[in-house]
Structure formats: structure tokens, C-alpha cells
Amino acid sequence: MSEQEDLEKGSKSKITPPESGAPFNAIEEVIYRRRSVRYYQDKQVPDYLIRRILEAGRFAPSSGNTQPWKFMVIQDQALIKEMTQAVVKVMRLLMIFTDYTERGSRWKEWISKLFMRFSKNMFHPIPAAAMKLIAEGKLGVWHGAPTVIFLLMDRRSAGDPMVDVGISGQNMVLTAHSFGLGTCWVSFCKPIGMIPKWKKRLGIKYPYKLVTTIALGYPRGVPDGQVPRETQAIDWFEEDGSFKVIY
Ligand SMILES: Cc1cc2nc3c(=O)[nH]c(=O)nc-3n(C[C@H](O)[C@H](O)[C@H](O)COP(=O)(O)O)c2cc1C
């Protein structure tokens, strides 16, 4: 039976849980070894691999199986370059009015705070610092990746379409990593999804809204180490009614 037939028939799971202390399985290896890749080889990813990656995105779970996504694949290098220039232009413009890192400019600080009040996510000091790097040409937008996948969300969808789109993207990112490819989520694409000229050019229209993008390609070099993660407290209500906190 082919893998596709097996899927369609609804294969019975032959997966058994690992013994305590067993080494990482293939999925865990992919999850823990994936890193955001910001340097790419000058070599395009073949279509068949991209199709497999998109298929993994399509098989993501979604609220009520609404599948509220649309993917766009962009490999036109001139178009990626133009979009990059458009993003850099917006970042430069924003830096005229907002700059967290510039001490001494009272009015910039004041406008930054005002922007933050209306868009806490975008104008938080972390993305704001990266926006400054993009404006100064010190951080790329799509990092020279030969392929960019755009993730659009159907805004009519019930439930949590943003979460659903995120899951489909993560399916794609992990699948790409399992093929030896590199990816980087790129949410600094946002201006492209807001500027009417760009929306028209890319055919982004209602009911779709650009959520984020994924840069994809063959990594150049190996990203060093692992970016540290916070150890968050996890509250655990046990079967016997007791409670513990684990880390
Ligand atoms: C939704 C989302 C948006 C992101 N946007 C960008 C971006 O625009 N540019 C960039 O270089 N990295 C971006 N990243 C990558 C994060 O910086 C990265 O995932 C984080 O620092 C952890 O590093 P790691 O992916 O190597 O584990 C984004 C990640 C996510 C999940």
C-alpha cells in the first residue's frame, strides 16, 4: 500500500511511547535541533520538496477543521528584492518617529510610547530594536532565502484562525528542517500586507489577510548553539487532587 493510500484509509498507529530516558525520537530531534536560519546558499529548493512542505501545512489541525489558510510561494528574486526594499523603507520611516534606543530625544520616546499604547506587540522594545537594525541594513528581511512562503488567514473563519495558521506554518517549518532545509519565520513582512499597492500586486484581498511569512532555503553554515529558552513554571493538578509546580 502506498503512503497516500495508507493515509486515506486511516492507518492504524504502530507508534509506541518511548521508555523513560530513551533518546530523542525523530520528531523530537527535529523540534530541538531546528534553528532560525539567516544565511542561505544561492541554490533554489526543488518544487517537489516545496510541495511536500506545503502538504504538511495543509494537514495541520484547525478549529472545527475550518482550514482558514492560504499559502503563497514566492521565488521571483526581483520581487523579493523589491518587497525587501519596501519593508526597509517603512522601517526607516518609522525610525524617524520612534526609537527606543535613542536616549535624549524626548519626542521620539513619547511617540514610541504612544505607538506602543496602540500596538503593544509591534512596538514592544524587542521588535522595535530589530526594526531599527533592518532600517540600518544590519538585519535582513528574508535573509537572502531563495523561497518565501506567505501565510494568509481567512478572516471569516470561526474559532482561532491565527492559531490555526501558526500551526500550519510550524508543520511546514519542521518538515523543511527534516529535509535538511533551513527556515526563518519573518513577521517583518507586515508592511507588505498593509500597503494597498503591495496587496494588489500580490493579489491579497478579502477574506485573506497576511499573517506572516517563512523564508526557506538551503542553510549556509550551521547556526551555532541553541537560543536559550526561559524555564517557565508549569502548574500541575494531579490525579489524587494534589498540586505541584514543575520546571
Ligand atoms: C511568528 C514569528 C515571527 C518571527 N519574525 C522574525 C523576523 O521577522 N525576522 C527574523 O530574523 N526572525 C524572526 N523570527 C525568529 C525568532 O527570532 C526566533 O524564532 C527566536 O529568536 C528563537 O530562535 P530559534 O528560532 O533559532 O530557536 C520570528 C519567529 C516567529 C515565531
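Analyst: Let us start with a loop. Asn65 lies in the loop between α3 (47-58) and β1 (69-74). This is a predicted model.

User: Which value does phi of Gln67 take, and where is Gln67 found?

Analyst: Phi of Gln67 is near 45°, again a positive value in a residue other than glycine. Gln67 is found in the loop between α3 and β1.

User: Why is Gln67 called partly exposed?

Analyst: Buried needs 20 or more other C-beta atoms within 10 Å, and exposed needs 12 or fewer. Gln67 has 18, so it falls in between and is partly exposed.

User: How do you know which peptide bond is cis?

Analyst: Look at omega. It is about 10° for the bond that joins Tyr206 and Pro207, a cis peptide bond. Most peptide bonds are trans. Pro207 sits in the loop between α9 (196-202) and β4.

User: What makes β1 and β3 edge strands?

Analyst: Take the strand order. The open sheet has 4 strands, ordered β1-β2-β4-β3, with antiparallel pairing. β1 and β3 each have a single partner strand, so one side of each has no neighbour in the sheet. On average, neighbouring strands here are turned by 25° against each other, direction ignored.

User: How do you know that β3 and β4 pair?

Analyst: At least two bridges are needed for a pair. β3 and strand β4 (residues 208-217) have 5 bridges, in the antiparallel sense, so they pair. Thr183 has Leu216 of β4 as its bridge partner. Gly182 stands opposite Gly217 in β4.

User: Why is β3 called largely enclosed by the rest of the structure?

Analyst: Count its buried residues. They are 4 of the 5 in β3, so the strand is largely enclosed.

User: Which helix lies across the strands β1, β2, β3 and β4?

Analyst: Helix α7 (residues 161-178) does. It runs at about 155° to β2 (147-154).

User: What surrounds the ligand?

Analyst: The shell includes Arg35, Arg38, Trp185, Phe188 and Val227. Strand β3 (residues 182-186) gives the largest share, 3 residues. By class, the shell has 5 nonpolar, 3 polar and 2 charged residues.

User: How is the packing of helix α4 and helix α6 described?

Analyst: Two packed helices are described by the angle between their axes and the distance between the axes. For helix α4 (residues 77-97) and helix α6 (residues 125-135), the angle is about 115° and the axes are 8 Å apart. The crossing is left-handed. The contact is made by residues including Val87, Val88 and Met91 of α4, and Met131 and Ile134 of α6.

User: What classes of residue does the contact of α4 with α6 have?

Analyst: There are 8 nonpolar and 2 charged residues, and no polar ones. Arg92 of α4 and Lys132 of α6 are among the contact residues, and Arg and Lys count as charged.

Technical notes. Residues are numbered from 1 along each chain as its sequence is written. This is a predicted model: local features need pLDDT of at least 70, side-chain atom pairs count only at pLDDT 80 or more; totals for chains, interfaces and linings use all residues. A residue is near a molecule or strand if its C-beta atom, placed from the backbone, lies within 6 Å of it. Helices (H or I, at least four residues) and strands (E, at least two) are DSSP runs, numbered from the N terminus. Axes are lines fitted to C-alpha atoms, for helices over the stretch in contact, and angles run from 0 to 180 degrees between N-to-C directions. A crossing is left-handed if the near helix is turned anticlockwise from the far one by less than a right angle, and right-handed if clockwise. Two residues are in contact if their C-beta atoms, placed from the backbone, lie within 7 Å.
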